[in-house]
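Please examine the sequence and the structure shown below. The paragraphs that follow lead through them step by step.

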Amino acid sequence: MRIPSRHMFAHLAGLPLYTPSTTKQPTLKTSKSPTCARQVSARGVRKGQPAKPELEDMDSSIISRMASALETNVVEVTPTGDTMENLKTSIKSFDILCEGPCEDSTYTKSIVQKEVDIMKKTYRSDEHRRMSQHSFLVEARAYTHILPALNDLRPPIGSPVAFDIQVLDNNNHFCFLLQDMQAGDSKHRHQHLALGMQETETAVRWLAALHAHHWDSGSWSDHQLWEHGGYWTLDKRTADLDNLERDWDVVVANWRGAYPEVFADPKVRQLGARLRQAGPRLSRALAQRWPTHRTLIHGDFKTANLFFNAGAGAVVALDWQWCGGGLGAMDLQYLLHTSSSLQVLHERERFVHCYHQSLLHHLAALGLSEAAAPSLEEFKEQFEVATLDYGRFLLGSMWRKNTPDACAAAVGSINQGMHKRCSETFVWLVQTFATSLEELSLLNETDDEHCPTDTHTSKMKSTE
């Protein structure tokens, strides 16, 4: 697969780029505003020629970038599939018929255009807008700095190839040209509404490999990714604490008719107050208690962002907006609690062990001793802390409108967590949070000797 010559990423990071041995970097261009110079000939796309009539309705800058990115002439561009749009993002797919290396030969590349216009959406605050903007800058940096190296590994820690990235209009307009994972020569076309045992194990081993390769590396700081990866971390969601008890009371009222015994339990009814109190300490622990166990985390590692091969023995991950520093347990708990079947959750400890053993294997292969990793007991504690921290987010932000009827209506919505489309998963998770709060020894400590800072209010690094 041919990828264009790399461009310096000075506008976004100002740091030297990783130079892979077998593939080139994606092209990344920056400008104050989009440009649309026509570059189409009678055969397709060539520089400096007028547009072909049947391509007039396509964004000419996209067409020319396809030709430039693939380092060849584009014979034909065919839109495939429906355009997917939300408030600020448009996703389109294309088959690109290109001239081959031999006379009269052609080949096809399947590409997804992901276009984001930050200013199309109304935000609840300026901070919310800047956080959204920063997330797409992070994704651009990840595709440029981090992911080519992972795709170069054998076997690869897979992600879509980025052919071209543009950051325009003072960081308010983003356009990614990415490998289409559901078409063309992609071997990873399969998605699952809920991950079974095999798919979960494959994804868990993928996470362990990712985390091992960035273990205690600081790569997230070097490349200006999120200092604390994941969209649910308390430094991004401080206002949620104020809503947590009130929203949980609404949730209890919504669910006690369907599950009276569960929601009559005092530990469950008091979950909002208990997580509100525990939230800052949980967040501090994840950020500070295990500093040498920090790594690069994906930050949104759920089934909607995963594509498996036919036998579910390999997986690739996309949507890297929330990648950054963190504990591997944060990615693992998020995968299990958003994406895995109830059968998997009932055997959750098996996958905690699987991750830990796989992590040790990859660290050893990289020349790191077992002492560099958490012990199994340490990792179990990290996992419980990460699980409760995610629970704090769910209670304060995601569950207020969650009802048995809403779960039933969302059963086929892959972008929703399983806890919002399966009532049994929701109830299991509620009971898990209540039990973990009782059992986690960290919450019973009288001081924070491992976490000396009184509050965890780390802010995202400025990108302006």
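Which residues in H9 meet which residues in H11? Gly328, Leu332, Leu336 and His337 of H9 meet Arg348, Phe351, Val352 and Tyr355 of H11, where contact means heavy atoms within 4.5 Å. The model is a predicted one, in which local features need pLDDT of at least 70, side-chain atom pairs count only at pLDDT 80 or more, and totals for chains, interfaces and linings use all residues. Residues are numbered from 1 along each chain as its sequence is written, and side-chain values use heavy atoms, with hydrogens and water left out.

The protein contains 14 helices and ten strands; helices (H or I, at least four residues) and strands (E, at least two) are DSSP runs, numbered from the N terminus. Of its 464 residues, 56% count as buried, a term for under 20% relative accessible area, with exposed meaning over 50% and partly exposed in between (1.4 Å probe, protein chains only). Among contacts between residues at least 6 apart in sequence, 72% join residues at least 24 apart.

The buried residues of H11 are Arg348, Phe351, Val352, Cys354, Tyr355, His356, Ser358, Leu359, Leu360 and Leu363. An α-helix has 3.6 residues a turn, so residues three or four places apart point the same way. The cover over the buried residues of H11 includes helices H3 (197-213), H9 (328-339), H10 (342-346), H12 (376-398) and H14 (423-439). Just after H11, Gly367 has a positive phi of about 90°.

Two packed helices are described by the angle between their axes and the distance between the axes. The axes are lines fitted to C-alpha atoms, for helices over the stretch in contact, and angles run from 0 to 180 degrees between N-to-C directions. H9 and H11 pack at about 145°, with axes 11 Å apart. Their crossing is right-handed; a crossing is left-handed if the near helix is turned anticlockwise from the far one by less than a right angle, and right-handed if clockwise.

A second pair is H5 (residues 240-255) with H14, whose axes lie 13 Å apart at an angle of about 130°. H5 and H14 are therefore oblique to each other; angles under 35 degrees count as roughly parallel, over 145 as roughly antiparallel, 65 to 115 as roughly perpendicular and the rest as oblique. Trp248, Val251 and Trp255 of H5 make the contact with Ser423, Phe426, Val427 and Val430 of H14.

Within helix H8 (residues 271-289) lies Leu286. Is Leu286 buried or exposed? Leu286 is buried, because its relative accessible area is 6%. Not counting residues up to four places away in sequence, Leu286 touches Arg294, Leu327, Met330, Gln382, Val385, Ala386 and Asp389. Leu286 and Val385 are 99 residues apart along the chain, yet their C-alpha atoms are separated by 7.2 Å.

Strand S2 (residues 74-85) runs antiparallel to strand S3 (residues 89-99), joined by eight bridges; two strands pair if DSSP finds at least two bridges between them. A hairpin of three residues connects S2 to S3, and Val74 stands opposite Cys98 in S3. S3 is also antiparallel to strand S4 (residues 106-117), with eleven bridges. Here Asp95 stands opposite Ser110 in S4. In the hairpin of S3 and S4, six residues lie between the strands, and Asp104 in the turn has a positive phi of about 65°.
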